[in-house]
Amino acid sequence: MLKQTYIHQILTSTAKWTPWNPTTGCTKVSDACRYCYAETTSLFLMRRGIPTYSNGFLPIFHDARLLDIASYRHPRRIFVDAMSDLFHDHFSETQINAVLDAIYEHPQHIYFILTKRPERMHFILADRPQHRNLCVGVTVESDEYAWRAEYLHSVQERFVTFVNCEPLLGPISTLPRDGIDICFAAPEAGPHRRPSAPEWFTTLEHYCDTNNILYIGHRFDIRSDAGKRPIWP
Ligand code: SF4
């Protein structure tokens, strides 16, 4: 099957979105992390006395959660580690590979893994075979972090690759021309959102169009475009 065909199937899937967090907690690495949703939520849940978040936003591996995806009777779209970064240094290669093993053992689900630590992602995924339902992406919030997308080139043949330009915090004009299947883009959300310029989105969309990258995103600030969020959860 052509890759464009299964990318289309992934993007048009109506399977239920399901968060799966075998890891929680993280530490900040770049501008996009400043108002980290996962941190805010973790600290809120800690104050509410939720045991998983009793240590707030400290990175923790949850062995028991590796079994969760085996219990889903129907295919799901699974956002892996929305409350963390799977490739954080705190997690051992053994732990990260245990998460990947679970993903390979249940290929019926669609998985999205997003990281801001692409060097480690690149290293750990080096020997993994093709998985058509595994989408691997990096955050690029501005040109300063476009280098992260360079690491997608080596995995594009085996996985669906994406850049997530959310929150878009500056113009992006130096993404690599190869290695990226999809580009998601959106302004920052939440009470502390930093404004995005409309031309950052139009420039990015034009770049994607001319380099065979599927662009999915907002052109304008969410405040003037409410209710039109793309498929990204
Ligand atoms: S890498 Fe992701 S989860 Fe970690 S602090 Fe940054 S935004 Fe939050």
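**Exercise 1. The surroundings of the ligand**

Task: State which residues surround the ligand, and sort the shell by residue class.

Solution. Step 1: The ligand is surrounded by Cys-26, Lys-28, Val-29, Ala-32, Cys-33, Cys-36, Ala-38, Glu-39, Ser-84, Asp-85 and Lys-116. A residue belongs to this shell if its C-beta atom, placed from the backbone, lies within 6 Å of the molecule. This is a predicted model, in which local features need pLDDT of at least 70 and side-chain atom pairs count only at pLDDT 80 or more, while totals for chains, interfaces and linings use all residues. Residues are numbered from 1 along each chain as its sequence is written.

Step 1: The shell divides into six nonpolar residues, one polar residue and four charged residues. Here Ala, Val, Leu, Ile, Met, Phe, Trp, Tyr, Cys and Pro count as nonpolar, Asp, Glu, Lys and Arg as charged, and the others, Gly among them, as polar.

**Exercise 2. The chain as a whole**

Task: Describe the secondary structure of the chain and its overall dimensions.

Solution. Step 1: The chain has five helices and nine strands; helices (H or I, at least four residues) and strands (E, at least two) are DSSP runs, numbered from the N terminus. Read from the N terminus, the order of elements is α-β-β-α-β-β-α-β-α-β-β-β-α-β.

Step 1: For 233 residues, a compact globule would have a radius of gyration near 17 Å, and the 17 Å of the chain agrees with this. The radius is taken over C-alpha atoms, and the globule rule is 2.2 Å times the number of residues to the power 0.38. Along the principal axes, the C-alpha atoms fill a box of roughly 45 × 45 × 30 Å.

Step 2: Among the 233 residues, 37% count as buried. A residue is buried if 20 or more other C-beta atoms lie within 10 Å of its own, exposed if 12 or fewer, and partly exposed in between, with C-beta atoms placed from the backbone.

**Exercise 3. Strand E4 and its partners**

Task: Determine how E4 is covered and which strands pair with E4.

Solution. Step 1: Strand E4 spans residues 76-80, and five of its five residues are buried. In a regular strand the side chains alternate between the two faces of the sheet. In E4, Arg-76, Ile-78 and Val-80 lie on one side and Arg-77 and Phe-79 on the other, and all are buried.

Step 1: Strand E1 (residues 16-20) pairs with E4 in the parallel sense over five bridges; two strands pair if DSSP finds at least two bridges between them. Within this arrangement, Thr-18 stands opposite Ile-78 of E4.

Step 2: Strand E5 (residues 110-115) also pairs with E4 in the parallel sense, over four bridges. Phe-112 of E5 is the bridge partner of Phe-79.

Step 3: Together, E4, helix H3 (residues 93-105) and E5 form a right-handed β-α-β unit. Right-handed means that, with the strands pointing away from the viewer, the path from the first strand over the helix to the second runs clockwise.

**Exercise 4. Strand E6**

Step 1: The chain passes from E5 to E6 through helix H4 (residues 118-124) in a right-handed β-α-β crossover.

Step 2: Phe-162 in E7 is the bridge partner of Gly-137.
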